[in-house]
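Please keep the sequence and the 3D view at hand while reading.

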Amino acid sequence: QYSPDCVRGADGAVDPTEVTFPGCPCRARSCSPHSCPCARRGAAPLFECNAMCRCSDGCGKRVVQRGLRVRLQVFLTDKKGWGVRALQPIAEGTFVCEYAGEVLGLDEARRRVRAQTAQDNNYIIAVREHVHGGQVLETFVDPTYVGNVGRFLNHSCEPNLVMVPVRVDSMVPKLALFAAADISAGEELCYDYSGRFRNLPPNEGEQKAAEEDNVLRKPCFCGSPTCAAFLPWDGSLFPSA
Ligand SMILES: [Zn+2]
Ligand SMILES: [Zn+2]
Ligand SMILES: [Zn+2]
């Protein structure tokens, strides 16, 4: 089932369509980063204006919500199954697409991952954001049953897309993929499945040991010089051995 936007997961734990941010009173065509309360909610994590805001649709703080604006194509790769490539050049920093799917609570995300067999592809992505005061915000998005073009993107250890959680209506983020470099037409698009992004420290090393002997791990065919040989693995979704 295709959906350009995230939907509430079957467990009903998180509703990404609910609007809880109050919106700004700015009457300007485009909000100013200095006076707009939406902009001042914080730079990282990123926030956009929403339907409650009085600014125009052309406001500079409305990017991810406009959806896919570049031409992409799903194609069959040599070793990696389906992939996505650009049909046009994409400049660094451009919003490319969202990773849309069911937004799940932790329990349901764990349940689904445990139900997977070695043949199943895991599309569930776990994004962890470290916010002030040591708090960690976790978001789980599963495009297995409902999703968009994002689920066809392959992993690369040297990706040309970077995933950034962007908030529009509520604290439930949209997982937005931006070009991490200038991308030429015909180039395959990929991102780092581990959900790491530039403003976060890399995953804790303690997970490594348990990772090594896990039979469900899948080889990585990204072909980059820094390839880790296996696809990233999120130990938190599995029962500890
Ligand atoms: Zn605005
Ligand atoms: Zn505003
Ligand atoms: Zn606003």
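Which residue in β12 is the bridge partner of histidine 155? In this predicted model, the residue of β12 that forms a bridge with histidine 155 is tyrosine 191.

**Sheet and hairpin**

The pairing of β9 with strand β12 (residues 188–191) is parallel and rests on two bridges. Both strands belong to an open sheet of four strands, ordered β3-β4-β12-β9, in which the pairing is mixed. Because β3 and β9 (154–155) stand at the edges and have a single partner strand each, one side of each is left without a neighbour in the sheet.

Strand β7 (residues 125–130) and β8 run antiparallel and are joined by six bridges. Within this pairing, isoleucine 125 stands opposite valine 141 of β8. The hairpin that β7 and β8 form has five residues between the strands, and glycine 133 adopts a positive phi near 75° there. A positive phi, again near 75°, is also found at alanine 229, which is a residue other than glycine. Alanine 229 is placed in the segment after α3 (206–212), and with a relative accessible area of 41% it is partly exposed.

**Helix α2**

Which residues of helix α2 (residues 106–114) are buried? They are Glu108, Ala109, Arg112 and Val113, and since these buried residues fall within an arc of 135° when seen down the axis of α2, they line one face of the helix. As a general point, an α-helix has 3.6 residues a turn, so residues three or four places apart point the same way. The cover over the buried residues of α2 includes β6 (102–104) and β8 (136–142).

**Nonpolar cores**

The largest nonpolar core has 26 residues, and those that touch the most other members are Val96, Tyr99 and Leu189. At least two residues of this core come from each of β4 (82–86), β5 (95–98), β7, β10 (161–167), β11 (174–179) and β12; β11 gives the most, with three residues. Leaving aside neighbours within four places in sequence, tyrosine 99 is in contact with residues including Tyr123, Ile125, Val141, Met163, Leu175, Leu177 and Tyr191. Another core, of 10 residues, lies apart from the largest one, and among its members are Cys24, Ala39, Cys49 and Cys59. In soluble globular proteins, nonpolar side chains tend to be buried together.

Proline 4 lies in the segment before β1 (7–8) and, at 47% relative accessibility, is partly exposed. When residues up to four places away in sequence are not counted, proline 4 touches Glu98, Ala100 and Asn148.

**Zinc sites**

| Zinc ion | Donors | Distance | Spacing |
|---|---|---|---|
| ligand 2 | Cys24 (SG), Cys26 (SG), Cys31 (SG), Cys36 (SG) | 2.3 Å | C-x1-C-x4-C-x4-C |
| ligand 3 | Cys24 (SG), Cys38 (SG), Cys49 (SG), Cys53 (SG) | 2.3 to 2.4 Å | C-x13-C-x10-C-x3-C |

The angles among the four donor atoms are 104 to 113° at the zinc ion (ligand 2), whose site is tetrahedral, and 96 to 116° at the zinc ion (ligand 3), whose site is tetrahedral as well. For four tetrahedral donors the ideal angle at a metal is 109.5 degrees.

Technical notes: Residues are numbered from 1 along each chain as its sequence is written. Chains are lettered from A and ligands numbered from 1 in the order in which they are written. This is a predicted model: local features need pLDDT of at least 70, side-chain atom pairs count only at pLDDT 80 or more; totals for chains, interfaces and linings use all residues. Side-chain values use heavy atoms; hydrogens and water are left out. Donors are N, O and S atoms within 2.8 Å of the metal (3.2 Å for Na, K and Ca); water is not among the atoms, so sites may look incomplete. Four donors count as tetrahedral if all angles lie between 85 and 135 degrees; four count as square planar and six as octahedral if opposite donors are over 155 degrees apart and all others between 65 and 115; anything else is irregular. Buried means under 20% relative accessible area, exposed over 50%, partly exposed in between (1.4 Å probe, protein chains only). The arc is that of the directions from the helix axis to the C-beta atoms. Contact means heavy atoms within 4.5 Å. Two strands pair if DSSP finds at least two bridges between them. A nonpolar core is a set of buried Ala, Val, Leu, Ile, Met, Phe, Trp, Tyr and Cys residues joined through side-chain atoms within 4.5 Å.
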